[in-house]
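Welcome! Take a look at the model first, then work through them in order.

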Amino acid sequence: LTSSLSGGEKRKVALASVLTVGAEILLLDEPLAGLDPQSAHELVRQLKEISQAGTTLLISTHQYDELVEMLDHVSVIHKGTDRLHGSNCTFSQVEKLESLGLQAPLAARAAAALHSRGWPLPPGIATLADLKDALGGLSERMADEPV
């Protein structure tokens, strides 16, 4: 039966079977690999629900852009050493991530580009929600300033 499933479908079946155990901690290695964007979005939604229900998720991935909004703690391991750690704001350290051979999430890169062009954005922007809030706050401050 599983020979007729795609790689992404096999991952979904494997995850579903692990979830039936009801473990307190789940270790997921590259959970989004092989999934189309819609399936990846659905899996992230389900992982958020699992996490909010009290299950601890330990996720090893290179596809953190999709997961950054749900992360409480981040450790960037480079050549076996924890080189960068903290909250999901860790991903706002664009230059440090690049020095480790990683690309920061899109929101962090956009915020860094805007900041380098003089936009007064706060530090620590790592998620699209962070960027949206910062730009909204900037828009409100600009509206309050006299012309």
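**Exercise 1.** In the hairpin of E3 and E4, which residue takes a positive phi?

*Solution.* Before starting, note that this is a predicted model, where local features need pLDDT of at least 70 and side-chain atom pairs count only at pLDDT 80 or more, while totals for chains, interfaces and linings use all residues. Residues are numbered from 1 along each chain as its sequence is written, and side-chain values use heavy atoms, leaving out hydrogens and water.

Step 1: Find the strands. E3 covers residues 74–78 and E4 covers residues 81–86; they run antiparallel and are joined by five bridges. Strands (E, at least two residues) and helices (H or I, at least four) are DSSP runs numbered from the N terminus, and two strands pair if DSSP finds at least two bridges between them.

Step 2: Go to the end of E3. Histidine 78 stands opposite threonine 81 in E4.

Step 3: Look at the two residues between the strands: lysine 79 has the positive phi, near 55 degrees.

**Exercise 2.** Describe the chain as a whole.

*Solution.* Step 1: Count the elements, and you get five helices and four strands. Their order along the sequence is α-β-α-β-β-β-α-α-α.

Step 1: Along the principal axes, the C-alpha atoms fill a box of roughly 70 × 35 × 30 Å.

Step 2: Of the 147 residues, 29% count as buried; buried means under 20% relative accessible area, exposed over 50%, and partly exposed in between (1.4 Å probe, protein chains only).

**Exercise 3.** Which residues have the most contacts inside the largest nonpolar core?

*Solution.* Step 1: Recall the term: a nonpolar core is a set of buried Ala, Val, Leu, Ile, Met, Phe, Trp, Tyr and Cys residues joined through side-chain atoms within 4.5 Å.

Step 1: The largest one has 13 residues, and Leu32, Leu43, Leu47, Leu57, Leu67 and Met70 have the most contacts inside it. E1 and helix H2 (37–52) each supply at least two residues of this core, and H2 gives the largest share, five residues.

Step 2: Zoom in on leucine 57. Leaving aside residues up to four places away in sequence, leucine 57 touches Leu26, Leu28, Leu47, Ile50, Ser51 and Met70 (contact means heavy atoms within 4.5 Å).

**Exercise 4.** Is leucine 27 buried or exposed?

*Solution.* Step 1: Locate leucine 27 in strand E1 (residues 25–29).

Step 1: In soluble globular proteins, nonpolar side chains tend to be buried together.

Step 2: Leucine 27, however, is exposed, because its relative accessible area is 67%.
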